[in-house]
Structure formats: structure tokens, C-alpha cells
Amino acid sequence: MGCAPSIHTSQGRAECPGGEEAAAAILGERQPRGDPSNTVLLVFTKEDNQCNGFCKACEKAGFKCTITKESQAVLACFLATHHDIIIIDHRNPRHLDAEALCRSIRSSKFSENTVIIGVVRRKDREDSSVMPLIAAGFTRRYVENPNLMACYNELLQLEFGEVRSQLKLRACNPVFTAVEKSQEAVEIISDSNLIQYANPAFESTMGYASGELIGKDLGEVPINGKKADLLDTINSCIKLGKEWQGIYYAKNGDNVQQSVKIIPVIGQGGKIRHYVSIIRVCNDKAEKITECVQCDTNTDNQSGKHKDSRKSSLDVRKSSLDVRKSSVDVRKSSLDVRKSSVDVRKSSVDVRKSSVDVGKSSLDVRTVSSRTSEVSSQRRHSSMARIHSMTIEAPITKVINIISAAQENSPMPVTEALDRVLEILRTTELYSPQFGAKDDDPHGNDLVGGLISDGLRRLSGNEHVLSTKNLQQVPSNIITPISLHDVPPQIAQAMENEDYWDFNIFELEAATQKRPLIYLGLKIFARFGVCEFLNCSETTLRSWLQIIEANYHSSNPYHNSTHAADVLHATAYFLCRERVKQTLDSVDEAAALIAATIHDVDHPGRTSAFLCNAGSELAILYNDIAVLESHHAALAFQLTTGDDKCNIFKNMERNDYWTLRRGIIDMVLATEMTKHFEHVNKFVNSINKPLAELENMETDKDEAAIHTILRIPENRTLIKRMLIKCADVSNPCRPLEQCIEWAARISEEYFSQTEEEKQRDLPVVMPAFDRNTCSIPKSQISFMDYFITGMFDAWDDFVDLPELLHHLDNNFKYWEGLDKMKLRSLRPPPPPPSPPEPE
């Protein structure tokens, strides 16, 4: 049944086959599609304006377009090409029985994911129902309109709507096949505890006959001695975000050891829709990993739909997991044909061996791995089961196993590339970038070496120098306010605009005689109600601020109480941003403000690398790891709890105190620059990227998902770390004059360290910071390039801080201008005096 005489294609595309090729297609031998672009079949008895409109629209959209005029040739042509879209002329029933033709096409199993459109007359739009079209198998109707843009818009809507969704559904078939043929046991249970699917491996492992479990309530199946209590326990654990472990029984009552892991994933309506259970059999025992994954399936009347999946070849339309009704998320699904790692058309990785990502797809199962990794995994898990009956496997191990499995059937270039990936993944610092030295940027090299590495260069023999430390007490001659109401007028005036970003901390420093922390602390803590949260008096808070400020070194050019007050101000400013207020609670706010206050207490004006090289007692105490940050946190709590008069925690409940303490310590330690890129990259990957995907959806459901992401404890920790990190190094985002002053102070501190290192014959951590040769503009440019710009871009994406980025851009241009003028100073030279005017 040749169709070539009545068919032509647009843009010189390959024509529809006829003769033997068409016959082969009718027998079900699908021809491979070479070009992945969308294909359209136009069925019109004559090429009128409507037909030409769709033909031109296909050319405009870049679709392959085939036109046929004979109804008897349509089916053979479709079976040979498997078009994505079929548009049938329904306007002339006498010439073309469109409904009968549609039923004929739908009778082929290959049309399951094909979109079929019926073109109807304009007058039929109001006079007739669409139900006959739907019953015949049409996807939708198109009211005749030959206008090119109308046809083009229709095709675009189809491409980004029905066609893209059907591409997802096509990929479900190999997934179901992989699950069906998997040697690992898989069971799917609905949110109403109805068993909807069990693969052969599950049935044989648990001792059931084929199809025996399908349609049963979980309560009818032996699980353990107390089924109801077990289900209640699972549900309660899920609601708390915890994992559950337990034991299942086979049908004959045999004990099957299983480690059960439950990970709730929010589905439609914010509910968990299914439990997908997987048992990995090893050494006559089974490990069970249960993941609660979203499968937005209509579960009404499911019991009447259960059939033996092996007999129905996992028919997607009839299965209890009806993928036609499943809301497979176009944006999130890892089964996207164009983006999926399980690319049905291109991937050389056997789908039966690939690991399908559970994290995003509604039917992802993280179970199918290579034989090689499985053997080693079985040895590991069987030994662990004898000890704990639980699985202990790091996520990175699972990732490495997945990649190793993908290598088996991959071409040599892909295998070599994956070898490089595995080499990188097996390193310990996955989030920290590897910097190559640049001879033309010594300032950048020194900053990276001095701030994000430990900078440790051991001395020989007994050259370590130990320092002694005495805690500072509050000088008796310092007069402090009794309360905020007693603050001197000039200090109150200096704090008037403390809730604005352009607040000038140096004016407050001058007004308070270099003691700004106590005054600004009293005002900010009062604004956030910290005393009420801590259940302490303002007098206790004042005493605490006094002892903390007294232990900052006023002799330090940079790391003094003015810097602490500046960081406290930035922290308070960030806490007032709308997105942050939605995310953090009163415990988080109190932890952030306290951490900002204490984060550099007793800073010696030297870097941790200097202390390690000098063999200081702090470096020895903290084993050269996060020396300064560990000291700041430990000393702050020592000072606070050592005197009841300044113990702001004394009236807190024990559990509340430990929660607050953990939060404070974590934020202080986050200011350590060796973990800078790790914190920033985790924040971007765990917060910004998922939020960006959800915010593009703009639906109520996604608003709930955004709230869920923000309230995850791990994500809140990342947000608090990012908050205090940005507050700690916000100097380049301040107004220009403040930025210049801070640059002068930090440069002076680094100059002083370099001089002491040379004087004591210690390794010089940052050689570029030599007072006689250093270019301050270059050092600021390098600092912004390496550390500031990327971090504040990420923070701005989350918080929205246009004012800060405006200052950052202006300040960068200022330093760049000085550098282009070959200047090494903070400011350009003053203009030469004007010549005297002639008399």
C-alpha cells in the first residue's frame, strides 16, 4: 500500500515510505527516527488555505511536515514515521471520515503518545460537543483559521504542552521495563496503603505467587507482628523528616532482615502519594530501602484496574499507575527525553542497568546498578547487616557506583571522560575550587594562599614560640549607660540610621571613643527582642556586651570591636530582608546576632596561618584547624558562663540553650575562609538553583514547595552561614568612603603581620603585602574577584540587595581606576595647585 504518490514533505525532508517499508511498519517494525525534531502529519483531502497555513507554520517552527490526501495511506504513513502530531481535516465528513480515521490510528499501539488534532468548521464550534471527538481519540480540536500566526501559535502550544508531556510518558515505558526485569525487588504502595505493583523479584523474595499482592491492602500482608503500629510509626517518622528502620516478614513467616529508609517527597497537595520499596537480596537476606516518592496518580477505583503487569507488558494506559493521569512534572522530571540521563534514543547505557534518579522524578527508582558494583556492595552490606541490620553507604559512593555502571557500555571517549569524573569525585574537597598560581596576580595568590589554605609551613627544631593569654576585664573607669534611655545624645544621634545599609559605623566609633559595640548591640538586640527571647534583663545584656567588647583588641587596625559592630549591623540588616524573615525563626535570629557580636573576640590581628607557623598555644590547642574561629567561639562562651552577672543564657531551658549554642558556634566557624567556597557552592546548589526552578513556575503549589525548601533544617543552616559570611566581609559593598577606610585598616594589619614574620624569621604567608611594594588597589580588586563578587551575587539572588551590588560595582571601578593609573595608594594624588592669576 504505497503512499508516496499522495504525500509530500516540506523543506525537502525525507518522504513517507511506501511498499515494503510501509508493510513492515504495519507489522510493527518501527523505523528509527534520524532527526529528533517534531514531526507533523497533515491529513487534508485538498490543499486549501487551512492546509497551507499549517504547512507554512510547520516551516516557521522548524517541524518536519508531511501532507497526505488519501485516507487509506494515512495509517501506513504514520506507522512508518510515528509522527508527534497529526492534524486531520474534520470539516468535510463526505470526503473524509475523520473520526473513523482517528480510531484506526489509535488502534495502533504506536499512537499512544501521539497528539491528534481535529480541524472543525467555525460554525461547528458552538453547535456541537467535543465529546464525539474525544471518544474517537482526538486530543483536542482546532477551529478553522488559516492565518499563519494562528496556526503557528497552535503548533507552539502543542509543542510546549501536549507534545512535551507525551515525550515524558514515552520514557516511562523503559523505566517500567527496567523495574519489571530488575533482579532487585520492587513494590509500590499508594498513600492509602494499597499495593499497586510488585515486580517478579519482589514476589519471589517475599514468597508470593505472580499477581497475588496486586490490589491488596498493606494490612492484609504480613509485615511484622504489629502492622498497624508499624504504619503509624512510619507515618509519624515521615512527618518529622526522620528515617525509619524495621523488619519485614516473608509470606511463610521467615524473618527477612531489611534496613528501611523513608524519604518523604512532597506530591500534589503537599502530601506523600506513594511508597516505593526496594529490597536488595544478598546472602539470603534482604536490605530494604523505602523511598516515599511523589506519584500524582488518581487512585480512585484502583482495585478494578489491577492486572498482571507481565501479561499486559506494563500497559501505561491501563496500569494502576496510570501515566496518562500522572502529573509528570515537565520541569522537574529526570525523565525528560531531551535532558534525561536515560536518553532512550541516544544513550548507550543499558536502561536495565542505569540508576534512575529518585530525587526529582515521580517514578524514579535508585536501584538498578551494575553487576560489578553490586558484587562489592553485597559484600559490604552483608557484613554490616550482621552488625546493625542497616545500610551505611555515603551518597558519594552511590554516585560513583552509578557512574561506574554507566561506563560498562559507553564508547571509549565517554569512558575516559567518566574516569576523569570519578577521579575528581574521589577527592575530599568537592566544593573547594583548585587554584592555579598566576604569576601576574601575586595579590590574588597571596589572598588565596593566606585565607583559604592553612598556610602552614613548619619550623624546624624547637623554634615554636608560645604566647600567654590573659582574659580582659571591664575597666572600672568606663562609664556605660544603664539603659538605652541613658545613651548620650551624640551617640544616640550617631545611631539614628542604624537600620539603613549606608549607616556609618565610623561616626559611631568616634562618638563612643572606640566602643561602638555595646551601644549598637543594645539598640539592635532591643529591636529584635533578644532579651525577651533569652529571658534575661537589659542589665545582664549590657554587662555581657561590656565583657565581650573589652576582649576585642582596640590596638588592632581592623579586627577590633568596630569591625564586630559593623558585622552586627550587616547581620541585622540581612535579618530584616523579607526572604530571610520568611526562613529564620527567633532562635535563628538570636543565634545570628550573638554570633556576629562574638565572631572575632580576642582576635590577635594575625591570621591563623601566622599562628600555626609561630607555634602559638592556640594553634597547638586546636591542632592547626580553624584556630581563630574555634578560639572566638570557645572564649565567648567561657566569658559568658564564667560570670553570672553577664550570663545571658542563665534563664534558658536546657534544650533551648543547646540548640542556640549549636547555632552560634556553627555560624562563627562558618566565617573561617578555608571553607569559603564550600559554603558558597552548597548554598547555590541546595538553595538558589532549586528556588529558581520553582519560582519560574509561579503557582500556589510551588509557593508551598518554596516554603518547604526554606524550612528544611539543613538549608536554614546554609542560609545562616551565608548570612554571617556576607556580613563579615561586606566592606566592599559599603559606600565608597567606608570601603576605602576598611581597605586601609585591613592592609595595615597585613603589613604589620608581614613585618613581624620577617622580624621573627617566620614564613611570610602573604609576601605581596609588603608596606613598601604592595598595591592596595590590586589587593582590593583581587579580593573582590576571588571572594566577594560571586558570593554576593548568590546572596543577592536569594535576598535581593540591589543597593549593595551598586556599591560593589562603584567600588570596583574606583580601585580599577587607581590601578590603571599605576597607583598603589588608597586615593589618587591631589590635583596640582592652580597657577597664580596674573595681576
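The charged end of Lys60 sits over the ring of Tyr152, 5.1 Å from its centre. A charge counts as over a ring if NZ of Lys or CZ of Arg is within 6 Å of the ring centre and within 35 degrees of the ring normal. Arg661 does this with Phe637, lying over its face at 4.6 Å from the ring centre.

A word on the model. It is predicted, so local features need pLDDT of at least 70 and side-chain atom pairs count only at pLDDT 80 or more, while totals for chains, interfaces and linings use all residues. Residues are numbered from 1 along each chain as its sequence is written, and side-chain values use heavy atoms, with hydrogens and water left out.

Now the aromatic rings. The whole structure holds 19 aromatic pairs. Rings of Phe, Tyr and Trp (its six-membered ring) pair if their centres lie within 6.5 Å; planes under 30 degrees apart count as stacked, over 60 as edge-to-face and the rest as tilted. Take Trp501 and Tyr573: their centres are 5.2 Å apart and their planes stand at 55°, so this pair is tilted. It links distant parts of the chain, 72 residues apart. Trp501 is in the loop between helix 14 (489-494) and helix 15 (505-511), and Tyr573 is in helix 19. Helices here are DSSP runs (H or I, at least four residues), numbered from the N terminus. Both Trp501 and Tyr573 are buried. Buried means under 20% relative accessible area, exposed over 50%, partly exposed in between (1.4 Å probe, protein chains only).

Phe525 and Trp544 make another pair. Their ring centres lie 6.1 Å apart with planes at 45°, so this pair is tilted. Phe525 belongs to helix 16 (residues 516-527) and Trp544 to helix 18, so the pair ties together parts 19 residues apart in sequence. Phe525 is buried at 0% relative accessibility. Trp544 is buried too, with a relative accessible area of 1%.

Trp501 and Tyr573 also belong to one aromatic cluster with Phe574, Phe683, Trp795 and Phe798.

Finally, His559. This residue is found in the loop between helix 18 (538-550) and helix 19 (561-575). Why does His559 count as buried? Because its relative accessible area is 12%. Leaving aside neighbours within four places in sequence, His559 is in contact (heavy atoms within 4.5 Å) with His553, Asp600, His603, Ile746 and Glu749. With Glu749 there is a side-chain to side-chain polar contact at 2.4 Å. A polar contact is a pair of N or O atoms within 3.5 Å; within protein, one must be able to donate a hydrogen and the other to accept it, and residues adjacent in sequence count only if both atoms are side-chain atoms.

How values were computed
Helices (H or I, at least four residues) and strands (E, at least two) are DSSP runs, numbered from the N terminus.
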